[in-house]
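Student: I would like to learn how to read a structure feature by feature. Could we begin with a helix and go on from there?

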Amino acid sequence: MENNVSKSQIKVLIKNNIRQYTMFIALISIMIIFSAINIKFLSPRNISTLFLQTGYIAILTCGIVLVIVAGHIDLSVGAVVGLTGAIAAKLMVTMGLPMWLAIVLTLVAGLVIGIWQGAWVAYGNVPGFIVTLAGMLIFNGLLLLVTKGGATINFSQEFKLIGQGYLPTLFVENNVNDMIPHDTTLIILIASLIVYIIFEIKKRSERKKYNFHVLSVKMFVLKIALVSILISTVLGVMALYKGMPYSILIVIIIAGVYTFITNNTAFGRHVYAIGGNKEAAKLSGINIKFRTLMIFASMGVLGAAGGIVYGARVGSASSSAGAGMELDVIAAAIIGGTSTMGGEGTIAGAVIGALVMGTLENGLLLVGVSTEARMIIKGLVLLLAVFVDIKTRKSKG
Amino acid sequence: MNECILEMQNIVKEFSGIRALDDVTFKVKRGEIHALVGENGAGKSTLMKVLSGVYPHGDYSGKIIINDKEMTFNHIKDSEKAGVAIIYQELALVKQMNIAENIFLGNELRGKVGIDWNQAVSRTEKLLKDVGLEDNPLTKIYQLGIGKQQLIEIAKAIAKDVNLLILDEPTAALTETESDNLLTILRSLKEKGVTCIYISHKLNEVLEIADTITVLRDGKTICTLDNDEQVSEDTIITRMVGRELTNRFPRVEHKAGKVILEVENWTVPHPEIPGKNIISNVSFQARQGEILGIAGLMGAGRTELAMSLFGAYGESITGTLKLEGVEQRFTNPRQAIQAGFCYLTEDRKKSGLVLMMDIKKNITLSSLNSITRNMSINANEEIKVSNEYMSALKIKAASIEQTVDHLSGGNQQKVAIAKWLMAKPKVLILDEPTRGIDVGAKYEIYNLMNKLVEEGVCIIMISSELPEVLGMSDRVIVIKEGKITGDVNFEEADQKTIMYYATGGK
């Protein structure tokens with residue numbers, strides 16, 4: 001009996017989350033294939049590189065999820081990344097402002113850009129596609145202006161840490177060769193395991209209180225074990241190498257905040273309602289215009305955050321920075337289950353989507369696939385992901 | 001040759017067990033104008049959809065005979081080939097295209113290479129003359145008023161060599177002069193041998209133009225009358241509403257309290273036709289603890305009235321709205337909801353619910369503030385509240401986490417109502433609250449309305465079902481073409497009086 005219940009529960013669980021699970025399974029399969037071809041793929045060094053490469057895309061993806069869920073699109077993401085990176089460089093290197101101040105001002109610049117675009121969409125009723133297409137041109141122009149027609153500005157070592165560096169150790173210096181793990185990362189690992197398990201147990205007991213269906217004890221333990229292994233693997237790999245990169249810490253914080261926004265705030269709920277049924281949202285008293293402005297404002301701030309992390313990673317600001325990045329970001333969100341029709345999508349899914357794209361790029365490079373072939377493969381994966389999405393959606397309805 | 005151009009014999013059409021057409025027989029003589037009348041939902045549109053092939057052969061039972069030949073239409077194209085053309089209330093013209101392009105859309109005149117536009121334009125000129133228009137065939141549709149667009153639809157039908165022209169509420173959106181013009185054109189077409197089926201709620205027009213009148217009621221043919229001196233609006237109305245009232249409505253005596261809503265000289269300009277008002281000079285009051293029914297035919301402006309009061313429709317509105325004695329002008333639904341003025345939309349799927357969201361998210365959508373603490377929605381509170389509404393309204397679903405798209409119509413409607421109950425309304429407008437739901441769920445919704453009224457809520461119910469309006473309301477106001485034409489207490493109201501006011505009788 002117990003066994004039957006578990007089986008049907010698994011079925012329900014899989015059915016309800018099929019999209020995220022398929023992407024997750026796809027991610028794991030891709031990783032297994034790459035490591036089978038070249039074992040170096042799984043080396044802590046490469047995995048760390050993979051995370052660093054994916055970091056800024058993941059940050060931007062969190063923002064675009066809101067935009068796409070609300071039924072809009074943002075084509076200016078890459079241009080905003082380039083421009084804000086250059087602004088940060090100007091402020092710090094040319095004008096000599098302290099780093100913290102430069103970062104704050106850059107984020108404010110992102111906010112202004114977001115409000116500018118959001119105002120056109122929300123109050124000017126210009127489609128987001130057009131506003132951000134225009135934005136792409138405008139911000140690219142401004143980027144050339146700021147960089148004086150293409151000069152490259154190198155960042156300070158201190159700033160580069162944001163995109164390239166790792167959290168400092170607390171007690172013992174870590175050592176990759178002697179397998180001495182990174183203590184700060186280990187502490188984060190243990191802390192997050194404890195927080196996760198407490199959170200799950202609390203949630204389960206609450207659901208029980210309301211007579212909601214919960215997983216059987218066996219399944220519950222299995223689920224916790226699987227997720228714990230996952231967390232341990234990811235953080236453990238980092239601990240065994242140089243520790244957790246700053247940029248990944250930023251991704252985790254932003255993804256956490258955005259998960260909270262989408263799941264637990266009225267704003268998040270409104271975004272889904274607007275994307276799901278604009279007319280019903282309006283007649284339910286939702287201030288669609290202001291919400292739209294907020295969505296683009298958030299995208300602008302994250303664009304600046306992406307610009308900072310990206311600039312720090314490549315070490316300089318240049319006129320070509322960020323070019324075409326919006327396509328990677330949109331693709332990541334959509335691969336991660338964000339519906340192009342609006343109304344559906346999750347932050348977790350989108351981050352997994354970003355990892356899928358990042359893994360493909362990294363793995364294909366590692367096994368020696370040429371640039372041209374990499375582009376073709378990524379394009380086909382996007383196409384396939386959306387096709388699968390439409391198919392599974394149809395069978396649901 | 002038979003004198004009948006069209007005979008529809010014993011037509012039966014069911015929608016999931018409910019008979020929309022029950023053994024309907026309908027005969028149209030060659031060269032006449034034949035009016036088809038009946039209440040909302042009597043089956044007129046369904047019958048015309050059967051005739052035009054929207055419902056394919058086999059989807060209904062019975063025979064369609066045109067010019068002595070039995071027809072089996074599987075598609076609108078088939079009926080067009082047989083010379084049947086139908087012009088719907090919502091015009092099907094492409095606004096960005098010009099007149100000539102629209103008239104020959106899907107029916108393009110082929111030249112040696114591509115389309116022969118010269119021929120199309122010259123033929124369009126001739127067709128326009130037939131319907132009394134002198135516009136340039138290259139004029140874009142959006143530059144023309146609704147009246148002219150209606151005539152272009154007719155020209156388009158004539159271009160396809162139509163024998164039988166069906167007009168569904170052609171004058172609903174027209175001004176009086178435009179309507180007169182249209183009737184003149186129809187008479188001249190009749191002289192040229194075009195037979196016409198004319199569907200209208202406006203009985204004065206029907207009496208003016210029709211040779212024969214067929215009345216439908218509850219999916220049955222009631223009678224076919226020759227339009228002579230003996231026929232009056234009275235005779236038609238009696239036949240339209242002659243239904244027995246059964247006890248389907250739980251009438252409870254309500255104790256009306258003080259006036260909570262006062263509307264004075266409310267006027268809303270028509271969004272597309274300059275100079276025409278969609279609501280003109282409407283004034284009424286509603287009290288706490290009563291149900292005010294708003295009756296009227298489709299297109300009379302009932303929904304527009306409610307939506308404009310709610311802040312969701314219309315521009316440059318004039319007039320005043322007082323809620324609890326305080327003058328208000330809601331410019332968006334949010335303000336209205338905050339003031340305790342809520343509106344249940346007539347189409348729950350299109351504008352009431354977010355179908356892909358679950359029950360609890362739909363219920364709390366308008367009241368998230370009340371369950372939000374420190375920026376965060378209190379998940380436990382949300383579950384608790386939603387469960388309460390789910391059991392109070394007897395919403396049948398696996399759990400409040402089920403998405404609403406697969407719920408039955410009645411349960412969806414209950415979710416939509418629960419959303420407004422949670423917003424704690426003082427005035428609740430229910431627009432077609434029982435449309436498309438089964439009898440059991442209807443009865444539950446009526447009981448719920450009574451309970452709310454007992455708690456002191458003022459309910460305004462817009463309904464196209466006369467028995468419902470009469471069965472539930474304490475007072476009924478009737479709207480015709482954006483104006484209030486009648487205001488009666490339920491004791492004095494019967495279907496005939498209301499139909500009188502709704503169709504413009506005196």
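Tutor: Let us begin with helix α1 (residues 44-52) of chain B, which is mostly covered, since seven of its nine residues are buried. Helices here are DSSP runs of H or I with at least four residues, strands are runs of E with at least two, and both are numbered from the N terminus. A residue is called buried if 20 or more other C-beta atoms lie within 10 Å of its own, exposed if 12 or fewer do, and partly exposed in between, with C-beta atoms placed from the backbone. Before we go on, note that this is a predicted model, in which local features need pLDDT of at least 70 and side-chain atom pairs count only at pLDDT 80 or more, while totals for chains, interfaces and linings use all residues. Residues are numbered from 1 along each chain as its sequence is written, and chains are lettered from A and ligands numbered from 1 in the order in which they are written.

Student: Which residues of α1(B) are buried, and what follows the helix?

Tutor: The buried ones are B:K44, B:T46, B:L47, B:M48, B:V50, B:L51 and B:S52. After the helix comes B:G53, which has a positive phi near 90°.

Student: Where do nonpolar side chains tend to be found?

Tutor: In soluble globular proteins, nonpolar side chains tend to be buried together. A nonpolar core is defined as a set of buried Ala, Val, Leu, Ile, Met, Phe, Trp, Tyr and Cys residues joined through C-beta atoms within 7 Å. Here the largest such core has 248 residues, and those with the most contacts inside it are A:I59, A:I64, B:V427 and B:I459. Helix α3 (residues 44-69) of chain A gives the most to this core, namely 16 residues.

Student: Which residues does A:I64 touch?

Tutor: Two residues are in contact if their C-beta atoms, placed from the backbone, lie within 7 Å. Not counting residues up to four places away in sequence, A:I64 touches A:D74, A:V77, A:M299, A:V329, A:I330 and A:A333.

Student: How should I read the packing of two helices, for instance α5(A) and α6(A)?

Tutor: Angles under 35 degrees count as roughly parallel, over 145 as roughly antiparallel, 65 to 115 as roughly perpendicular and the rest as oblique. Helix α5 (residues 99-122) and helix α6 (residues 128-146), both of chain A, pack at about 150° with their axes 9 Å apart, and they are therefore roughly antiparallel. In the contact, A:Q117, A:W120 and A:V121 of α5(A) meet A:G128, A:V131, A:T132 and A:G135 of α6(A).

Student: At what angle do α4(B) and α5(B) cross?

Tutor: The axes of helix α4 (residues 117-130) and helix α5 (residues 146-159) of chain B come within 9 Å and cross at roughly 120°, which makes α4(B) oblique to α5(B). B:L127, B:L128 and B:D130 of α4(B) make the contact with B:A155, B:I158 and B:A159 of α5(B).

Student: How many residues does each chain bring to the contact between the chains?

Tutor: Chain B brings 28 residues and chain A brings 20. On the side of chain B that touches chain A, α10 (333-338), α11 (348-352), β18 (376-377) and α13 (379-392) each supply at least two residues.

Student: Is B:L368 buried or exposed?

Tutor: B:L368 counts as buried because it has 22 C-beta neighbours inside 10 Å, and it lies in the loop between α12 (359-364) and β17 (372-373) of chain B. Leaving aside neighbours within four places in sequence, B:L368 is in contact with A:A266, A:R269 and B:I377.

Conventions. Axes fitted to C-alpha atoms, helices over the stretch in contact; angles between N-to-C directions.
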